[in-house]
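Please consult the sequence and the model shown below while reading.

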Amino acid sequence: MSKLKSNTMGQCMVHNMMLKNLSYENKSHLLHLLKSMFQTAYVPEDWKKAPIIPILKPSKPSAEPESYRPISLTSCLGKIMERIVNKRLSWLLQKNGKKLKTQAGFHNRRSTMENIISLDHYIRHRFNQPKSLNTYTVFLDISKAFDSTWIQGLLYKLSNIGITGNILRWLSNLLRNRTYNVSLKIGVPQGSPLSPLLFSIMIDEFPILARPGETLLFADDIECHVHARDGVEAETILTLYPKEISNWS
């Protein structure tokens, strides 16, 4: 709770400053309440309702609807619960040896610099060989990544990697039957503390370019590269890869 910063609040009208200034006794009562919600997999309906504020993306035309990123004003109390579940889920993944294979985004100790260094090393490695090879690369971006996440598929993948019991039931109740202005059956909520990790789990089986090529992911931005003697050879290799991605998608 000490990390709460946002001044926005959801429909429940509970503000972060109210939560930060609770007495120790009231915080204990709140903890007991959240524990009960977790054990019964209960998610209040107000936590699944959110007004949306459209935020204009940098350098995008304001007249185009696609230029705006929808930000959900979800419950501050609900976000505390999501942070608790997020920590438990991350711990479970590490404990069970299910560390995400492909994702460099959404990690406290990782950044885009890791992918940049990896690509730089890849280019230099073959360029400095006696028979040097050029490096060819493709950059991809998943459109509406969070909004188009397949909920049933996500829950299936969570179950497959050993996430069961209360945590799976609670996540299932959180993600189903959410409402904005319409009822949604796909997508993880924008602005949710849980959504980055859940999205990462969903795309952890993203097709990886076969060796000697490499694929690097940071959030929904994807980059793949391969050594080749010339552009024709690179095109032959890289043309097949997007088709594989398309089939997976």
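The cover over the buried residues of helix α3 includes α1 (16–20), α2, α5 (151–160), α6 (165–175) and α7 (195–202). Helices here are DSSP runs of H or I with at least four residues, strands are runs of E with at least two, and both are numbered from the N terminus. The model is predicted, so local features need pLDDT of at least 70 and side-chain atom pairs count only at pLDDT 80 or more, while totals for chains, interfaces and linings use all residues. Residues are numbered from 1 along each chain as its sequence is written, and side-chain values use heavy atoms, with hydrogens and water left out.

**Helix α3**

The buried residues of α3 are C76, L77, G78, K79, I80, M81, E82, V85, N86, L89 and L93; buried means under 20% relative accessible area, exposed over 50%, and partly exposed in between (1.4 Å probe, protein chains only). The 20 residues of α3 should span 28 Å at 1.5 Å a residue, and the 29 Å between its end C-alpha atoms agrees with this; the expected span is 1.5 Å times one less than the number of residues. At the N-terminal end, S75 caps α3 through a side-chain oxygen 3.2 Å from the backbone nitrogen of L77. G97, which follows α3, has a positive phi near 65°.

**Packing against α2**

Helix α2 (residues 24–40) packs on α3 (residues 76–95) at an angle of about 65°, with the axes 11 Å apart. Axes are lines fitted to C-alpha atoms over the stretch in contact, and angles run from 0 to 180 degrees between N-to-C directions. The contact (heavy atoms within 4.5 Å) involves the residues tabulated here.

| Helix | Residues in the contact |
|---|---|
| α2 | L30, L34, M37, F38 |
| α3 | L77, I80, M81, I84, V85, R88 |

These residues divide into nine nonpolar, no polar and one charged.

**Two further residues**

H15 is found in the segment before α1 and is buried, with a relative accessible area of 18%. A polar atom of the H15 side chain lies 3.0 Å from the backbone nitrogen of M17. S28, in helix α2, is partly exposed, with a relative accessible area of 33%.

**The whole protein**

The secondary structure comes to eight helices and seven strands. The C-alpha atoms fill a box of roughly 70 × 50 × 30 Å, taken along the principal axes. Of the 249 residues in the protein, 38% are buried.

Key. Nonpolar A, V, L, I, M, F, W, Y, C, P; charged D, E, K, R; others polar. Polar contact = N/O pair within 3.5 Å; in protein donor to acceptor, adjacent residues only side chain to side chain.
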